[in-house]
Amino acid sequence: MEFDKRITGKTNITGVIGNPVEHSISPQLHNTIFKLLNENYIYVPFLVEKNSLEEAVKGLKASNVKGFNVTVPFKKKIMNFIDEPSKEAIMIGAVNTVKNECGKLFGYNTDAEGFARAFKNETGTDFENKNIVVIGAGGSARAIIVKLATEEANSVCIINRTLSKADEISQLIKKNLNYDIKCFQTDEIRAVENLSNADIIINATSAGLYPDTEKMPVSPSYKFTRGQIVFDLIYNPIKTKFLQCAENDGCKIFNGLGMLFYQGILSNEIWLQRKIEDEKVRQLYKEFMNDMGTK
């Protein structure tokens with residue numbers, strides 16, 4: 001028998017907190033990055049009960065965990081426990097990356113830039129002059145909408161079950177970026193009209209996330225417009241029912257794996273305080289996608 005010497009008393013711990021986290025492939029991604037960079041770090045998932053966030057954050061901080069990602073449903077709520085959020089995180093109103101340094105928690109949001117990098121790399125286009133519909137009004141949606149507004153999308157429409165949450169984002173963008181956003185409830189006729197006329201549709205809800213794979217953010221009877229770009233932030237399953245329906249209607253479909261990858265790269269750069277070389281990022285991206293069975 002040979003002893004496993006990969007983890008020692010000097011190994012730095014990082015991870016992800018959320019509920020659920022069983023579906024997460026972030027550990028595979030981050031541990032591969034650490035291995036490639038020859039960093040003595042490890043990344044693990046932490047399942048946190050929905051009413052235990054404060055206790056969990058205190059425990060991670062006290063245990064000197066070097067940093068952690070934050071996923072559903074804690075991206076907004078964790079703002080209450082961050083010592084110093086970044087300006088972008090404050091504007092977005094959500095944190096997905098935390099760095100524990102000198103007894104203080106620093107909060108960042110890498111969702112917006114991670115999404116933008118993935119979208120441009122995979123679709124071969126950008127957001128300028130496009131009509132875009134975002135389904136959902138949570139932390140990820142807010143981050144993406146800020147990005148869309150700053151990159152001069154022709155129009156952005158939010159569709160959400162609770163109109164007040166969409167309106168909250170709209171007012172934030174109007175105040176900070178002087179950009180007008182339309183908001184509709186999911187079942188409104190105008191919501192369907194905007195979906196049909198969109199160049200790009202983005203699902204930023206958890207509808208369809210494993211294990212509830214039969215759920216959809218739109219009606220199963222909805223017919224997409226051929227040629228639309230349809231992007232689902234979910235990556236487990238690789239092809240959600242939402243994406244399958246869009247593909248059947250002749251759309252170009254993309255899942256959230258690329259966004260996960262790029263926001264993961266950004267998170268690592270924050271924790272390690274170093275930029276990962278472009279060549280290594282390209283190598284990691286290719287191997288990550290191959291391993292996930294998407295390329």
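**Sheet, cores and salt bridges of a predicted model**

In this predicted model, a polar atom of the Asp126 side chain lies 3.3 Å from the backbone nitrogen of Glu128. This is a polar contact, meaning a pair of N or O atoms within 3.5 Å; within protein, one atom must be able to donate a hydrogen and the other to accept it, and residues adjacent in sequence count only if both atoms are side-chain atoms. Residues are numbered from 1 along each chain as its sequence is written, and side-chain values use heavy atoms, with hydrogens and water left out. Local features need pLDDT of at least 70 and side-chain atom pairs count only at pLDDT 80 or more, whereas totals for chains, interfaces and linings use all residues.

Asp126 sits in the loop between H4 and strand S7 (131-135). Helices (H or I, at least four residues) and strands (E, at least two) are DSSP runs, numbered from the N terminus. Asp126 is partly exposed, with a relative accessible area of 32%. Here buried means under 20% relative accessible area, exposed means over 50%, and partly exposed lies in between (1.4 Å probe, protein chains only). Leaving aside neighbours within four places in sequence, Asp126 is in contact (heavy atoms within 4.5 Å) with Phe119, Lys120 and Ile200. Lys87 is 39 residues from Asp126 along the chain, and their C-alpha atoms are separated by 24 Å.

An open sheet of six strands runs in the order S9-S8-S7-S10-S11-S12. Its pairing is parallel. Two strands pair if DSSP finds at least two bridges between them. Strand S9 (182-185) and strand S12 (252-254) form the edges. Each has a single partner strand, so one side of each is left without a neighbour in the sheet. From one strand to the next, the twist averages 20°. Strand S11 (residues 229-232) and S12 run parallel and are joined by three bridges. Val230 has Ile253 as its bridge partner in S12.

Helix H6 (residues 163-177) lies across strand S8 (155-160) and S9, and runs at about 170° to S9. For these angles, axes are lines fitted to C-alpha atoms, for helices over the stretch in contact, and angles run from 0 to 180 degrees between N-to-C directions.

The largest nonpolar core holds 59 residues. Such a core is a set of buried Ala, Val, Leu, Ile, Met, Phe, Trp, Tyr and Cys residues joined through side-chain atoms within 4.5 Å. Phe115, Ile145, Leu148, Ile202, Phe261 and Phe288 touch the most other members. Helix H9 (residues 257-272) supplies the largest share of this core, nine residues. Leu148 touches Phe115, Phe127, Ile132, Val134, Ala153, Val156 and Ile202, not counting residues up to four places away in sequence. A second, separate core of 20 residues includes Ala191, Met216, Tyr222 and Phe242.

The structure holds 20 salt bridges. A salt bridge is a side-chain nitrogen of Lys or Arg within 4 Å of a carboxyl oxygen of Asp or Glu. One joins the side chains of Lys147 and Glu113 (2.7 Å, N to O). Lys147 lies in helix H5 (residues 139-150) and Glu113 in helix H4, so the pair ties together parts 34 residues apart in sequence. Lys147 is buried, at 15% relative accessible area, whereas Glu113 is partly exposed, at 28%.

Glu151 and Lys120 form another salt bridge through their side chains (2.8 Å, N to O). Glu151 lies in the loop between H5 and S8, and Lys120 in helix H4, 31 residues apart. Glu151 is partly exposed, at 22%. Lys120 is partly exposed, at 33%.

In the salt bridge between Asp180 and Lys174, the closest N and O atoms are 3.0 Å apart. Asp180 is exposed, at 56%, and Lys174 is partly exposed, at 37%. Elsewhere, salt bridges that share partners join Glu113, Arg117, Lys120, Lys147 and Glu151 into one network.

Asn96 occupies the loop between helix H3 (87-92) and strand S5 (97-101). Asn96 is buried, at 2% relative accessibility. A polar atom of its side chain lies 2.7 Å from the backbone nitrogen of Thr110. Beyond neighbours within four places in sequence, the contacts of Asn96 include Phe68, Val70, Tyr108 and Asp111.
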